[in-house]
Amino acid sequence: MITVRNLQKKYGDLLVLKGINAEIKKGEIISVIGPSGTGKSTFLRCLNLLEIPDEGEILIDGISLLEKGVNVPAIRQKTGMVFQSFNLYAHLTVLDNLTLGPVILQKKKPAEAKAKALELLKLVGLAEKSDSFPHELSGGQQQRVAIARCLAMDPEIMLFDEPTSALDPTMVSEVLAVIRRLAKEGMTMMIVTHEMDFARSISSRIFYMDEGVLYEEGTPDQIFENPKRARTKAFIQRIRSLQYDIVSPLYDLYRLQGEIARFCEKHAISSKVSNRVQILAEEVLQTQRDHTSILLELSYSEKDETLMLECSGTGDPYNPLECKENDIAVTMLNALCEKVEYFYRDKRNTIMLQVRK
């Protein structure tokens, strides 16, 4: 239904979209997730030419939106878009907000448009609010009206740009319930969202965007349970990390421990655990033969509150956990950790420590 090829968009010298390629089939529900500022909303806005791409191609039902002579307004009517802000006409009633487009743009008779609008208000649970004005509604109700207004134009595709981001948390569920109902009825949808549980439960596929590219895509189970790429994994597990390079045996241990303490404080990790990590860093460094190329990485997963400390150094395969001269240090590591593992990867000897909570 939608084909995107090498889609690029610039703002001045800033390249926001760096060559997006995607295929969306009829009836699919695509959730677009990723960090803020990675081009998700820009991608969505390009699909109905609210933003004009600088390069690339967008086809809807085989028709290229960017070719000269194409009736863009007619194609745009195939795509309804729901924004973060509700964009309702404040001086019109709810009913009038829904009938304005069909009467003016589609030349429907007012009675026909009104009957359709009332059906849609029933669909979104707001039939009793037909004569109300937007300021008389809650945020969640206004967003449901905005969805009904899009549906009044009989779109084939619905685009949602973070439809719950401007809502109080108590109102999010009522909007998501309407989107779920549309999904059951087979509407083709693309949804930019930060609601991960919702995206996982409703989507046919997930697009993970990062730094202006479609970095990884897959089924919800693939993306949320077994992401293939590092940035996707970090985002899904909400991993925060600290890296510290050691290039000399005269390294500053107190500076390292200070960095660890600041990292733990920033991420609300208890002082008890913070002190434990500082001790672990000192002990794991005692097991290393060569201190001219060591990388320490501390990773914290907000999803499951797991804290991992990884120490890796270059050289031939060598397991420091089996060396007798490291017995005291290894005993300390085992006492303070849930798990202690050694492996040789990418020509580096690595010790992985899962810190005890």
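Colleague: Which residues does asparagine 97 touch, not counting residues up to four places away in sequence?

Modeller: A contact here is a pair of heavy atoms within 4.5 Å, and by that rule asparagine 97 touches Leu88, Tyr89, Leu92, Pro134 and Arg149, once residues up to four places away in sequence are set aside. Please keep in mind that this is a predicted model, in which local features need pLDDT of at least 70 and side-chain atom pairs count only at pLDDT 80 or more, while totals for chains, interfaces and linings use all residues. Residues are numbered from 1 along each chain as its sequence is written, and side-chain values use heavy atoms, with hydrogens and water left out.

Colleague: Is asparagine 97 buried or exposed, and in which helix is asparagine 97 found?

Modeller: Burial is read from relative accessible area (buried under 20%, exposed over 50%, partly exposed in between, with a 1.4 Å probe and protein chains only). Asparagine 97 counts as buried because its relative accessibility is 2%, and it is found in helix H3, where helices (H or I, at least four residues) and strands (E, at least two) are DSSP runs numbered from the N terminus. A polar atom of the asparagine 97 side chain lies 2.8 Å from the backbone nitrogen of tyrosine 89.

Colleague: What do the buried residues of H3 pack against?

Modeller: They pack against H4 and H5, and the buried residues in question are Val94, Leu95, Asn97, Leu98, Thr99, Gly101 and Pro102. Isoleucine 104 also lies in helix H3, but this residue is partly exposed, with a relative accessible area of 48%. Together with Tyr89, Leu100 and Leu105, Ile104 forms a nonpolar patch on the surface, with about 370 Å² of accessible area in total. Such a patch joins nonpolar side chains (Val, Leu, Ile, Met, Phe, Trp, Tyr) within 5 Å, from residues with over 30% relative accessible area and no salt bridge, and the areas come from the Shrake-Rupley method with a 1.4 Å probe.

Colleague: How many residues does the largest nonpolar core have?

Modeller: A nonpolar core joins buried Ala, Val, Leu, Ile, Met, Phe, Trp, Tyr and Cys residues through side-chain atoms within 4.5 Å. The largest one in this model has 36 residues, and those with the most contacts inside it include Ile147, Leu151, Met158 and Phe160. Among the elements that give two or more residues to this core are helix H3 (94–104), helix H5 (139–151), strand E7 (157–161) and helix H6 (169–184), and H6 gives the most, with seven residues. Apart from this core lies another, of 30 residues, among them Tyr244, Val284, Leu307 and Val355.

Colleague: Which residues is leucine 353 in contact with, leaving aside its neighbours within four places in sequence?

Modeller: Leucine 353 is in contact with residues including Leu280, Val284, Leu307, Leu333 and Val340. Leucine 353 has its place in strand E15 (residues 348–355) and is buried, with a relative accessible area of 0%. The C-alpha atoms of leucine 353 and valine 277 are separated by 9.7 Å, although these residues are 76 residues apart along the chain.

Colleague: How many salt bridges does the count come to?

Modeller: The rule asks for a side-chain nitrogen of Lys or Arg within 4 Å of a carboxyl oxygen of Asp or Glu, and the count comes to 17. In one of them, aspartate 154 pairs with lysine 108, with the closest N and O atoms 3.0 Å apart. Aspartate 154 lies in the loop between H5 and E7 and lysine 108 in the loop between H3 and H4, so the pair ties together parts that are 46 residues apart in sequence. Aspartate 154 is partly exposed at 39% relative accessible area, whereas lysine 108 is buried at 17%.

Colleague: Which side chain does arginine 144 meet in a salt bridge?

Modeller: Arginine 144 meets the side chain of glutamate 174 (3.0 Å, N to O). Because arginine 144 lies in helix H5 and glutamate 174 in helix H6, the pair ties together parts that are 30 residues apart in sequence. Arginine 144 is buried, with a relative accessible area of 11%, while glutamate 174 is partly exposed, with 23%.

Conventions:
Patches are made of residues with over 30% relative accessible area and no salt bridge: like charges are joined within 9 Å, nonpolar side chains (Val, Leu, Ile, Met, Phe, Trp, Tyr) within 5 Å. A polar contact is a pair of N or O atoms within 3.5 Å; within protein, one must be able to donate a hydrogen and the other to accept it, and residues adjacent in sequence count only if both atoms are side-chain atoms.
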